[in-house]
Amino acid sequence: MPIDATNPVPPQFPRIAGRDNIPDHVPGELVRSVGLTFGPEFLAAPHEYMANLHGTVPPIYYDTSEFMNAWQLIKHEDAFHMLRHPEIFSNEGATPFPRDPDDYFYFIPIEIDPPDHRKYRAILDPIFSPKGVLALEQKIRDLANDLIDEFIDKGECEYTEDFGRPLPVSVFLDLMGLPQEKRDTFVKWAMDLLHSNDRAIMAQSMASITAYLKEMIAEKQANPDDKVISRIVHAEVDGRPMTPPEIFGFVVFLFIGGLDTVFATLNNIWMWLAQNPQRVKEMIANPDAINAQVEELLRVWAVTFSGRVVAQDTELRGVKFKKGDRVTAVLPACNFDPEVFPNPTEVDFSRPRKPILSFAGGPHSCMGAHLARLEVKVALQEWFRRIPEFALKEGTKIEYRPGGVVGPEHLPLVW
Ligand code: HEM
């Protein structure tokens, strides 16, 4: 039965975890404990680790961990199959962020299955379309330059804090219609919520975000503008205004979906650039190839995953999935599928164009993908123009924090 976003209730099916909790239909030879996102081997070099899965595990395996057991898909074709069949692989309850069961809301649009899903996406299509995001290009360029102005003369920066985080936050505030003075507060909330790994800090941060966004929603109700929060607040679905939990679930998911992913992507890309000065020269010498360069960097530095719940028994590659099973498409691994991208770990700007999975695919493909591509492109262009030669600070040890969005924690750069 399709979920009703006007009457949100916590999902009833259990989240099972651990090696003692393997369902009978799962063949023993497909069971693994891969440790994605938290194991020490993964954290040592996450992308290399995910690329190597193609030689170390079956194409579909059942992963057990203390957090959650789930089927994991690493083949490009299998991930697309899952993403394009929402009637079999549902999004109900597929998002990991906890909520108060007595004041429940769905994250919109990610937790809504088609056909209702489209009604929500349609509200923001004009803003997030390729043409819509172009209206933000000059603003992104100005923001990137303002940030660079703050540190260029020092000959060094802590990239993640000085550029990788504040850039997407500033773009986000502008897009949502929130004041730029809130930038540092938003960075702190996002870091506490998404990276503290401390339930008390996460809860405190979620409470601050909730209070602030609810206040802003009320403000936009009274004083409309043409930005995202106001459009959501004043939009209609099926000819009726949206309910408070729908409005809040939509606004808050943009915060979760649109910040950390861009941080992590920028941080990964700059880590690679800083260690590959010859490739930086090659990119600067070919400015007309910027779109292909961005696409290839996004392929190699995919940062996140797609989770689904099986809505009806099904079979893929001869493996039987049962209703209620969880499935994760390991999108970075799918981008390293050697059958689709030969020499997959090599950054090759002249690869024949094939669909990458960094933004997933199917109905829930990332709503912010055009914006994210534009942010990466403008960031590269402005950085190269002003800081064409740079390197990792000597003695830097790259470290990753566990979590569903993969990127280096610190990135000290010098020039
Ligand atoms: C490089 C940056 C980004 C990456 C890698 C990324 C990745 C993704 C992925 C993989 C999904 C699909 C999740 C799933 O299938 O379960 C997704 C969905 C989504 N993303 Fe992004 N994202 C990025 C930036 C953004 C930005 C900037 C925004 C908005 C400001 C955004 C908003 C969304 C929304 C609203 C969805 C849900 C779409 C739906 O359910 O229909 N994302 N993103």
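The ligand is surrounded by 24 residues, a residue being counted when its C-beta atom, placed from the backbone, lies within 6 Å of the molecule. Gly258, Thr261, Ser306, Cys366 and Gly368 are the closest of them. This is a predicted model, in which local features need pLDDT of at least 70 and side-chain atom pairs count only at pLDDT 80 or more, while totals for chains, interfaces and linings use all residues. Residues are numbered from 1 along each chain as its sequence is written.

Four elements, namely helix H12 (244-258), helix H13 (260-275), strand S8 (306-310) and helix H17 (369-386), each supply at least two residues of the shell around the ligand. Helices (H or I, at least four residues) and strands (E, at least two) are DSSP runs, numbered from the N terminus. The biggest share of the shell comes from H12, with four residues. Sorted by class, the shell holds 13 nonpolar, ten polar and one charged residues; here Ala, Val, Leu, Ile, Met, Phe, Trp, Tyr, Cys and Pro count as nonpolar, Asp, Glu, Lys and Arg as charged, and the others, Gly among them, as polar.

The axes of H13 and H17 are 11 Å apart, at an angle of about 35°; axes are lines fitted to C-alpha atoms, for helices over the stretch in contact, and angles run from 0 to 180 degrees between N-to-C directions. The crossing of H13 and H17 is right-handed, a crossing being right-handed if the near helix is turned clockwise from the far one by less than a right angle, and left-handed if anticlockwise. From H13, Thr261, Val262, Thr265, Leu266 and Ile269 meet Ala372, Glu375, Val376 and Ala379 of H17, where contact requires C-beta atoms, placed from the backbone, within 7 Å. Six nonpolar, two polar and one charged residues make up this contact of H13 with H17.

H17 has a further partner in helix H6 (residues 137-151), at an angle of about 45° and with the axes 9 Å apart. H6 and H17 are therefore oblique to each other, since angles under 35 degrees count as roughly parallel, over 145 as roughly antiparallel, 65 to 115 as roughly perpendicular and the rest as oblique. This crossing of H6 and H17 is right-handed. On the H6 side, Glu137, Ile140, Arg141, Ala144, Asn145 and Ile148 take part, meeting Leu374, Glu375, Val378, Ala379, Glu382 and Arg386 in H17. The contact of H6 with H17 contains six nonpolar, one polar and five charged residues.

With 19 other C-beta atoms within 10 Å, valine 405 is partly exposed. Threonine 261 is 144 residues away from valine 405 in sequence, yet 6.4 Å away in space, C-alpha to C-alpha. Apart from neighbours within four places in sequence, the contacts of valine 405 are Leu194, Asp260, Thr261, Ala264, Val303 and Thr304.

Key. Buried ≥ 20, exposed ≤ 12 C-beta atoms within 10 Å, placed from the backbone. Contact = placed C-beta atoms within 7 Å.
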